[in-house]
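Please keep the model open as you read.

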Amino acid sequence: MKFTAAVLALTAGSALAAQDTITIGMVLEPPNLDPTAGAAAATDEVVYANIFEGLTRFGPDGSVRPALAESWDVADDGKVYTFHLHTGVTFHDGTTFDAEDVKFSLDRARAEDSANAQKALFAGIDTVEVVDPATVKVTLKDPDGHFPFNMAWGDAVIVAPESIADEATHPVGTGPFKFDDWVQGDHIDISRYDGYWGTPVALSKATFRIISDPTAAFAAMMAGDVDAFPNFPAPETLDQFKADPRFKVIVGSTEGETILAMNNRKPPLDNVKVREAIAHAINRQEIIDGAMFGYGTPIGTHFAPHNPDYEDLTALSAYDPEKSKALLAEAGVSDLKLRLALPPPTYARRGGEIIAAQLAAVGIQTEISNLEWAQWLEQVFKGHDFDLTIVSHTEPMDINIYARPDYYFGYGKPEFVALMDKLTKTSDPAGRSALLKEAQEMIARDYVNAYLFQLAKTGVANAKIEGLWENSPTQANDLTAVHWVD
């Protein structure tokens with residue numbers, strides 16, 4: 001009798017035990033796994049909030065929340081931030097996290113030879129001081145109410161000097177998951193870190209599978225080889241998933257401004273009339289419908305439509321092929337042929353074919369080259385060797401990239417740089433809003449790039465999975481709240 005009861009209890013327990021592993025699909029493979037030394041969104045999609053943590057972090061609603069800093073104080077002058085750190089925190093290799101690691105990370109990020117892709121986040125720092133092991137004082141050059149927001153970026157996570165040399169291939173952080181394995185071209189494995197300082201995660205293991213082909217992504221989801229694909233590359237199949245009770249379709253917004261970027265350094269693209277001509281040749285809705293099957297919001301500047309300070313400037317670059325031809329004639333440009341470099345995402349490859357046809361209709365020929373992600377980063381982003389390219393900028397609130405003359409599209413107009421400097425020093429919400437609108441208008445009227453659409457977040461998941469982000473306030477597959485339900 002006791003034996004039977006024991007068997008029944010064991011059977012019931014097994015039946016009630018929820019699945020605790022997950023396989024996540026991803027289109028792009030990270031070029032490396034160190035978010036503090038690269039620009040690829042795919043890196044953060046694996047490591048943000050999972051392996052690495054910063055002083056602060058973004059929540060799924062875009063709010064800035066405490067992370068390794070449990071709280072912080074701001075001096076009356078707005079220039080001194082004192083961060084109070086959680087204690088009892090360890091890195092995955094067993095070394096202790098403390099204020100020295102914060103100082104090391106921030107000083108490394110802002111160093112002259114820093115490889116950090118977002119050095120502007122740290123440019124306002126004057127000094128970083130260790131008060132005691134659990135307290136760090138950061139003094140800024142000027143007041144900046146945005147500083148906790150800056151520290152929530154993936155580029156601002158805390159790393160340790162003991163493990164920094166191998167961070168790109170064997171990341172060691174303080175997060176709830178530790179790195180296990182990376183089979184390049186195929187998958188990345190992470191597992192629950194039992195020494196985690198915070199609330200333990202429900203998942204014991206997660207695998208990120210790299211599937212760039214939309215047809216293969218659809219097949220993997222249907223076969224159950226992948227449990228969730230948060231940024232699903234085949235939007236044309238979403239209705240099929242919606243009709244299947246095994247799945248849920250999760251549609252939200254992202255911070256991804258999708259643009260036809262132009263190399264402002266190179267003639268004739270250094271001529272604003274030529275850039276404006278290209279912008280007027282583009283039919284945004286045709287791209288949204290043809291490449292994204294209706295998922296996406298038209299934009300006329302580099303700013304997210306869901307942001308309260310967004311200004312709709314699409315009329316400045318409305319589809320007008322006749323105006324486009326007239327502008328090219330005014331600029332004295334004819335028989336123009338431009339190179340169009342396309343990275344792997346669906347929006348780029350499919351959108352690129354549509355844009356090439358639209359440009360051809362106004363007399364601009366394009367030579368398309370399909371690049372792998374690592375090639376795009378090396379040739380276009382770092383090497384500035386391109387005329388046109390299509391990419392979605394998924395970093396949050398990143399209009400300040402236009403203040404960087406060394407950035408890949410090469411704008412850096414002094415008046416815009418001054419505007420961003422003024423924004424940094426402004427804490428009044430109304431004043432900041434006015435400056436952000438002025439910034440949006442400046443780049444729109446300078447036709448720095450052709451602004452296409454705000455990337456929608458279209459995800460597919462097993463219907464029994466809960467806790468995936470609906471929206472993407474930053475580029476992340478945050479698994480900290482993900483769990484299975486019956």
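## Ground rules

This is a predicted model, so local features need pLDDT of at least 70 and side-chain atom pairs count only at pLDDT 80 or more, while totals for chains, interfaces and linings use all residues. Residues are numbered from 1 along each chain as its sequence is written, and side-chain values use heavy atoms, with hydrogens and water left out.

## A four-stranded sheet

Four strands make an open sheet in the order S4-S5-S7-S6, with antiparallel pairing. Strands here are DSSP runs of E with at least two residues, and helices are runs of H or I with at least four, numbered from the N terminus. Two strands pair if DSSP finds at least two bridges between them. Strand S4 (69-74) and strand S6 (125-132) are at the edges with a single partner strand each, so one side of each lacks a neighbour in the sheet. From one strand to the next, the twist averages 20°.

Five bridges join S4 to strand S5 (residues 80-85) in the antiparallel sense. Look for tryptophan 72, whose bridge partner in S5 is phenylalanine 83.

## The helix across it

Helix H3 (residues 99-110) lies across S5, S6 and strand S7 (135-140), and runs at about 170° to S6. Axes are lines fitted to C-alpha atoms, for helices over the stretch in contact (heavy atoms within 4.5 Å); angles run from 0 to 180 degrees between N-to-C directions.

## The largest cavity

The structure has six cavities of 30 Å³ or more. A cavity is a set of points on a 1 Å grid over the protein atoms alone where a 1.4 Å probe fits but cannot get out, and lining residues have an atom within 4 Å of a point. Grid points are joined across faces, edges and corners, and a volume is the space filled by probe spheres set on the points.

The largest cavity holds about 710 Å³. It is lined by 46 residues, of which Leu28, Ala41, Glu45, Tyr347 and Thr394 are the closest to its centre. H2 gives the most to this lining, five residues. The lining divides into 25 nonpolar, 15 polar and six charged residues; Ala, Val, Leu, Ile, Met, Phe, Trp, Tyr, Cys and Pro count as nonpolar, Asp, Glu, Lys and Arg as charged, and the others, Gly among them, as polar.

## The second largest cavity

The second largest cavity has a volume of about 70 Å³. Its lining includes Arg284, Tyr447 and Asn449, and S17 supplies the largest share, three residues.

Conventions:
On a 1 Å grid over the protein atoms alone, a cavity is a set of points where a 1.4 Å probe fits but cannot get out, and a pocket is an open set with protein on both sides within 12 Å along at least five of seven lines; lining residues have an atom within 4 Å of a point.
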